Amino acid sequence: MPTFVRPKFRNQLRQWGIYSLCGGLLVALPAATLANANTVAATPVLAQADALTDSRQVAEQLYGRWEATNSANNGMTLIFTKVGQFYIILQESDPIALKFGYTINPTPDPMELNVRVGEGETVETIFDLTPDGQLIVQLAGTNPGQPRPTSFDPNATKFRKVSQEMSLPPDVSIYNSEGPTHKTRQMEGKEYLRSLSRAQKAYHIDNNRFATEMNALPVDVPQTTENYRYEIAGSNHPEEQIVMTATAQQEDLKSYTAAIFVITDESGLTSSVAGICATPEASQTPPPPPEAPTNVAGDIQCGGNSQLVELPNPE
């Protein structure tokens with residue numbers, strides 16, 4: 001799959017249901033192509049003018065920054081620009097953006113969105129703008145060459161506009177399709193540990209204990225990649241806690257340790273507290289296992305001189 005996203009992002013994108021949309025750096029399409037060119041050419045002049053007006057009105061509503069409102073897509077941001085580009089931002093401690101080209105056709109119901117995902121490859125999908133100002137996009141189940149969906153499924157992604165700003169935030173880097181940067185390679189370790197934390201929480205709900213083997217978890221995380229080796233540490237009390245590590249395979253990368261603890265409060269109710277600790281510098285040795293917080297409102301205590309870099313909610 002030469003034009004598709006490299007392994008470090010696959011897991012999160014699969015969870016969001018948009019893995020098939022996401023490739024490397026994409027060719028932007030000019031704003032003049034907002035309406036489907038073939039359809040416009042075949043319609044009368046007045047109809048062309050109406051279609052162009054509709055396209056401009058819908059396009060103006062799209063321009064800006066949108067944040068997902070679905071809990072399953074929490075942290076997902078879209079930015080639509082006036083030059084036929086949009087970005088999907090992966091919200092991590094080091095956020096990164098995937099860049100795409102797009103065109104719209106507002107005439108059908110639902111409206112059509114075409115996403116350029118590589119040379120000669122387009123994902124055809126649908127979108128809608130609701131009276132209360134939300135954007136609905138059918139992302140899950142779409143792939144290049146597949147027919148355009150005709151309706152939204154119950155889990156179609158919903159967004160709310162948070163800004164008219166069309167530029168990327170200053171702390172967001174664009175994913176480099178020519179090869180992974182140091183930042184994106186290092187991001188893999190946190191990304192996969194975050195996915196493992198979610199999977200461990202789901203496993204604990206079903207089994208009243210955490211999984212001690214990778215293949216027992218319902219998540220597609222490899223045990224070894226070019227950048228990291230992922231392991232679940234042995235636990236004497238898997239019903240109460242679990243520790244997982246991402247050990248750097250390259251000398252210029254940090255290593256990480258993630259942990260989940262089940263904490264019982266004074267009333268007898270239990271909840272989980274999770275976190276990811278990182279080595280302060282590049283290291284091929286993961287941080288020591290962290291200590292559990294003293295209460296459900298506390299943070300895990302990273303061992304040694306490692307640093308707490310993320311609090312992934314494993315829900």
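**Exercise 1.** Work out how many disulfides this predicted model has, and which cysteines form a disulfide.

*Solution.* Start with the cut-off: a pair of cysteine sulfur atoms has to sit within 2.5 Å. Applying that rule gives a count of 1 disulfide. The partners are cysteine 277 and cysteine 302, with their sulfur atoms 2.0 Å apart. Cysteine 277 is in strand E13 and cysteine 302 is in the loop between E13 and E14, so the bond ties together parts 25 residues apart in sequence. Cysteine 277 itself is buried, at 0% relative accessible area.

**Exercise 2.** Find isoleucine 300 and decide: buried or exposed?

*Solution.* Look in the loop that runs between strand E13 (270-278) and strand E14 (307-310). Buried means under 20% relative accessible area; isoleucine 300 has 3%, so it counts as buried. Next, see what it touches: beyond its sequence neighbours up to four places away, the contacts of isoleucine 300 include Val273, Cys277, Pro290 and Leu308. Take valine 273: it is 27 residues from isoleucine 300 in sequence, yet their C-alpha atoms are 7.3 Å apart.

**Exercise 3.** Which element gives the most to the largest nonpolar core?

*Solution.* First, get the core: it has 29 residues, and Phe80 and Phe86 are among those with the most contacts inside it. Then go through the elements giving two or more residues, including helix H3 (45-62), strand E2 (76-80) and strand E4 (96-105). E4 comes out on top, with 5 residues. Apart from this core there is another one, of 24 residues, including Val221 and Ala278.

How values were computed. Residues are numbered from 1 along each chain as its sequence is written. This is a predicted model: local features need pLDDT of at least 70, side-chain atom pairs count only at pLDDT 80 or more; totals for chains, interfaces and linings use all residues. Side-chain values use heavy atoms; hydrogens and water are left out. Helices (H or I, at least four residues) and strands (E, at least two) are DSSP runs, numbered from the N terminus. Buried means under 20% relative accessible area, exposed over 50%, partly exposed in between (1.4 Å probe, protein chains only). Contact means heavy atoms within 4.5 Å. A nonpolar core is a set of buried Ala, Val, Leu, Ile, Met, Phe, Trp, Tyr and Cys residues joined through side-chain atoms within 4.5 Å.
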